[in-house]
Amino acid sequence: MKKKKFSTFLTIVTAMALLAGCSNGSDNPQQGASSNPTQNNKQTEEVTQEAPTKISIMTRLHTAEVPSDKLEKLIEEKTNTELDIQWVPDSTYNDKVNAAFATGALPMVFNGELNTFRSAIRDDQFWEIGKYLKDFAHLSNLNENVLRNMQVDGKVYTLYAERPLARSGFIFRKDWAEKLGLDAPTNFEELYDMLYQFTYNDPDGNNKNDTIGLTDRSDMIYGAFKTVSSWHGTPNYWGEKDGQLLPEFMFPQYIETMKFFKKLHQEGIINQDFPVTSKEDQRNLMITGKAGAYIGTMPDAVGLQTELQKVNAEATLDVFNRIEGPEGFKIWMATQGGAGFLFPKSAIKTEEELLKILTFYDQLMSPEVANLITWGVEGEHYTLVDGRTKANEDQKMLDRELKPYSGAIAIGGLSTIPGLYQAKWEDPLKQKAEELVMDNVDFLIDNPVAPLESLTFNEVGARLQQMINDATFHFILGEIDEAGFQAVVDKWLADGGQKIIDEYTEAYNASN
Amino acid sequence: MTYDKSWGSKIFDSVNIILLSIIGLVTLIPFVYVFAGSFTTVAELAEKQFVIIPTQFTFEAYRYIFSTNTVSRAMGVSVGVTLAGTLFSLILTILMAYGLSKRDLVGRRLIMFLVIFTMLFNGGLIPSFIIVKELGLIDTYAALIIPSALSAFNLIIMRNFFQNLPEGLEESAKIDGAGSWNILLRIVIPLSMPVIATISLFYAVGYWNTYFQAVMYINDVTKWPIQVILRQIVILASALTGDTSDFGGDYVAPPEQGIKMAVIVIATVPILVVYPFLQKHFTKGAMLGSIKG
Amino acid sequence: MSQPSTSTATLKSNSDLMKRILKNTALYFMILPGLLYFFIFKYLPMFGLVIAFQDYKPYKGFFNSEWVGFAHFERLFSESDFLMILSNTLILFLMNIVIYFPVPIILALMLNEVRLQLFKRFIQTVVYIPHFMSWVIIVSISFVMLSTDRGIINELFVAMGWEKVNFLMNSDWFRPMYIVQIIWREAGWGTIIYLAAITAVDPQLYEAARMDGAGRFRQIWHITLPAIRSVIVILLLLKIGDVLELGFEHIFLLLNAMNREVGEIFDTYVYTAGLKQGQFSYSAAIGFFKSLVGLVLIMIANWLAKRFGEEGIY
């Protein structure tokens with residue numbers, strides 16, 4: 001009896017040990033790459049072929065496919081590097097970065113948000129790369145203004161990838177507009193008129209009162225609100241007034257915007273449930289032909305039109321961006337420089353290594369490599385037509401082989417890499433959308449607090465902002481009036497808002 | 001088995017069946033909607049919000065998902081992890097639950113308290129990450145199993161079942177000279193198939209749903225289990241990624257509605273079919289024969 | 001039961017203790033792997049709890065971050081919305097216990113009474129499908145159904161001549177919607193444990209009860225329920241430990257500007273106030289507070305259960 005019990009026990013313990021044992025034997029590429037970065041980099045001058053630089057990168061994965069390493073290998077060849085890329089699904093990216101940070105397991109390069117890492121940067125955890133940039137042929141082309149917005153205490157620690165600055169505009173049913181004899185709206189009267197007619201004048205001609213003008217969703221920033229707000233002339237998050245920096249909701253233009261939405265809601269011109277509508281459902285309203293207009297990212301129009309035409313082959317969309325408000329043309333600029341590629345000192349031990357990594361990034365900005373990483377291999381992922389690229393139609397292949405790299409590894413962009421190809425768009429809608437996105441650059445309003453820091457904001461900013469967002473919805477739905485809104489603003493001030501104003505104003509005056 | 005043939009009993013039965021049918025319908029319909037939707041064309045989905053039987057049957061969504069081996073491989077990983085993990089967890093749980101079910105075990109109360117304490121207090125993500133890293137489990141399949149091997153909840157349930165077994169069984173076995181291991185293996189386990197089946201199901205579902213641990217502990221994308229891939233697809237389908245210009249240089253088109261539904265079907269159907277197989281263990285009076293015999 | 005406090009008596013009780021321990025060595029071996037697991041993966045990481053008392057920065061680590069004592073707790077309690085959050089959480093918890101908790105039990109009893117095996121198995125399988133649907137799906141389907149813009153439910157109301165109800169944007173409907181969604185998703189899954197327990201009931205007891213003239217309800221009350229009583233108690237106790245722990249994802253998806261005053265719970269508060277701005281310590285402090293309350297309540301509930309003659313969970 002005793003023997004049997006003991007042997008069973010032994011078997012179980014051995015099984016456990018085996019399980020734990022087999023796991024130790026498997027590859028740990030991550031540990032290998034980041035713990036011995038210096039080994040292969042020691043070169044002697046006599047060796048003509050330098051050993052490839054090992055670089056580990058952690059970045060977000062925003063495709064649904066596991067990235068193939070085809071492009072990775074090509075880049076390695078061209079830049080004489082050995083890349084170890086850690087892809088992290090976007091939703092858990094922050095957790096993973098923090099865990100890596102806390103355990104000293106950060107890779108050599110990773111994409112991080114400045115707000116999160118500011119204090120770590122101040123604590124000398126990262127390399128200041130700003131001073132080296134001018135020594136590199138391509139890196140020196142990076143835009144000074146953008147880099148300045150990314151400074152921490154006057155120094156630059158990050159590389160950035162160019163993002164379009166302002167992509168929002170007005171997307172609407174062209175066929176409906178034509179039927180009703182309307183042109184693209186150029187000011188608020190025409191905008192309101194079009195939306196009204198889309199709702200009440202039976203634009204789809206089926207004699208039923210089943211359409212609405214605008215479809216919106218609960219997101220106040222990427223939904224319609226912020227865009228319409230800038231058209232009204234509201235500052236971009238913060239604006240200057242009487243020598244102070246004040247938040248946008250303390251400006252009369254913000255109130256005007258709220259009133260505009262309130263009117264749309266009361267008159268049934270906007271989907272009644274927009275405060276609880278998701279982006280999917282918002283798009284659905286356009287796709288199923290219930291709504292006539294969508295205010296958001298203009299390039300989205302292409303996807304919308306594709307899906308719309310599957311339901312209604314005759315429907316067409318159009319885009320427009322110049323809606324003139326009381327203060328002329330204005331559009332909010334996406335914060336360029338909220339995040340960038342950081343270089344932790346825990347993974348990069350010497351300046352020598354850092355320079356090698358910067359060399360790699362410099363090469364990424366050379367036209368040849370930049371085109372490779374942005375567009376792929378000519379003939380496979382794209383073809384050149386009149387000097388512009390026409391992407392391969394196989395979306396899935398692009399998602400797998402190209403998109404992860406072009407979206408999350410590349411740096412710089414069209415304005416900083418001369419020689420970088422531009423896309424040739426066959427679809428006139430896409431062409432127009434992209435052109436208008438460029439046109440938006442003419443009347444951008446930027447966010448003055450982007451390069452500044454307010455400690456109180458870091459602590460309670462998000463919570464306070466939620467209060468204001470809630471109040472905005474309440475106002476639009478008619479649950480509170482202007483006095484009620486003002487009461488919330490007063491509470492915002494009392495609960496820490498005033499401090500934030502003071503801190504930002506001080507920092508702003510100091511840097512100017 | 002003689003059944004009650006009285007009127008009251010018949011009415012009871014009828015009402016019961018009607019109510020259960022309604023409940024069954026209410027729970028089934030949303031899933032049928034998703035299941036049908038995965039086989040419907042985009043056009044039809046957009047037109048009619050609610051499709052139960054598609055007029056145009058299509059495999060497009062599934063073809064899209066399986067066109068690369070990403071999903072198949074991830075499924076393989078999930079199946080492997082689920083099978084190995086469930087077995088491993090079962091062994092640990094049965095052993096510990098049995099030991100703790102003996103009322104005369106010294107220190108029993110203390111140990112139970114310590115176990116329950118862990119259900120309430122958690123050191124957090126980073127310390128767990130550190131432990132897993134120090135054990136060398138990063139980037140291994142074992143990282144998906146060992147750190148989540150024992151569920152205190154499952155342990156407590158199983159212990160409770162063992163505790164409720166009639167004492168007479170073990171007494172008579174002890175008199176015949178059987179030791180604890182023998183009793184456990186020969187008597188207790190065969191009699192506890194209902195709870196073992198139940199706990200296996202709980203563990204299997206837990207392992208099948210592994211997401212967070214996979215993303216945190218595994219860097220090699222080829223080792224990702226199915227939930228990671230599927231969640232990416234669903235998030236992309238909600239079309240949110242096109243907006244925030246902090247990343248995503250080029251527009252990534254969202255997969256269509258039908259694909260999102262196919263994803264749900266793929267993620268849940270495998271584990272769904274497990275329960276009916278386990279149901280055969282839920283037979284009544286399993287215990288009776290052994291007491292009488 | 002009182003022992004004479006002489007040295008011989010203590011010696012004797014000590015050697016009794018040793019005997020009892022030695023008698024059960026096999027059992028100790030059995031629980032050893034599990035104990036190891038809990039020690040390594042649950043207790044070792046508990047040092048992480050200290051960040052609730054620090055100003056934790058990941059790069060400084062656990063030992064070098066500044067200590068702030070109870071500052072975070074003070075901040076939590078002085079938060080103007082603290083009472084609102086606490087009461088929301090407690091109310092939702094009570095609804096969970098009072099309304100949701102009995103449902104799986106009743107459902108299990110109903111299923112148990114079915115004679116037709118095929119029907120029973122079919123319903124059993126079907127009823128636990130919702131558990132596998134993620135909250136994202138469930139909430140989005142609910143929204144589509146409850147919307148005032150072409151939502152099915154409201155269309156039905158209109159067809160019956162009633163007025164439309166604004167379920168989604170009216171804070172009065174938040175709590176009912178929450179509990180109905182929970183019931184729909186979890187009730188079926190919850191029956192599994194109870195059904196497993198019911199298998200231990202001797203079918204002959206029912207016959208005997210019938211002979212004594214007991215109707216169906218009495219049979220259930222006197223035979224089936226007592227058989228699963230201990231399971232009910234255990235699950236209830238465990239649920240009480242979860243007092244401040246409500247499903248984050250579920251509520252987060254339901255929350256909006258209109259229902260925040262009834263829907264904001266600790267987890268969603270932590271998300272905005274803590275995690276979004278990288279405030280680990282504050283989040284940890286709130287978690288600590290929740291755990292503490294849960295612990296105290298479980299201890300009280302366990303003691304109460306024992307007073308009522310039940311075996312507690314420890």
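What distance separates the centres of domain 1 and domain 2 of chain C, taken over C-alpha atoms? Select the two domains: the separation is 33 Å. Domain 1 of chain C covers 1-69 and domain 2 covers 71-307, with bounds that come from an automatic or database domain assignment.

The model is predicted: local features need pLDDT of at least 70, side-chain atom pairs count only at pLDDT 80 or more, and totals for chains, interfaces and linings use all residues. Residues are numbered from 1 along each chain as its sequence is written, while chains are lettered from A and ligands numbered from 1 in the order in which they are written.

**Between the domains of chain C**

Stay on chain C and show where its domains meet. Domain 1 puts 8 residues into this contact and domain 2 puts in 7, two residues being in contact if their C-beta atoms, placed from the backbone, lie within 7 Å. Coloured by class, the domain 1 side has 5 nonpolar, 2 polar and 1 charged residues. Here Ala, Val, Leu, Ile, Met, Phe, Trp, Tyr, Cys and Pro count as nonpolar, Asp, Glu, Lys and Arg as charged, and the others, Gly among them, as polar.

**Chain C against chain B**

Helices (H or I, at least four residues) are DSSP runs, numbered from the N terminus.

**Chain A against chain C**

Now bring in chain A, which contributes 28 residues to its contact with chain C, against 23 from chain C. On the chain A side, α1 (2-25), α4, α5 (114-122) and α18 (455-476) are the elements giving two or more residues. Of these, α18(A) gives the most, with 9 residues. The classes on the chain A side are 10 nonpolar, 13 polar and 5 charged.

**α4(A) and α6(B)**

From α4(A), the contact uses Asp95(A), Asn98(A), Ala99(A) and Ala102(A), and from α6(B), Leu125(B), Ile126(B) and Phe129(B). These residues divide into 5 nonpolar, 1 polar and 1 charged.
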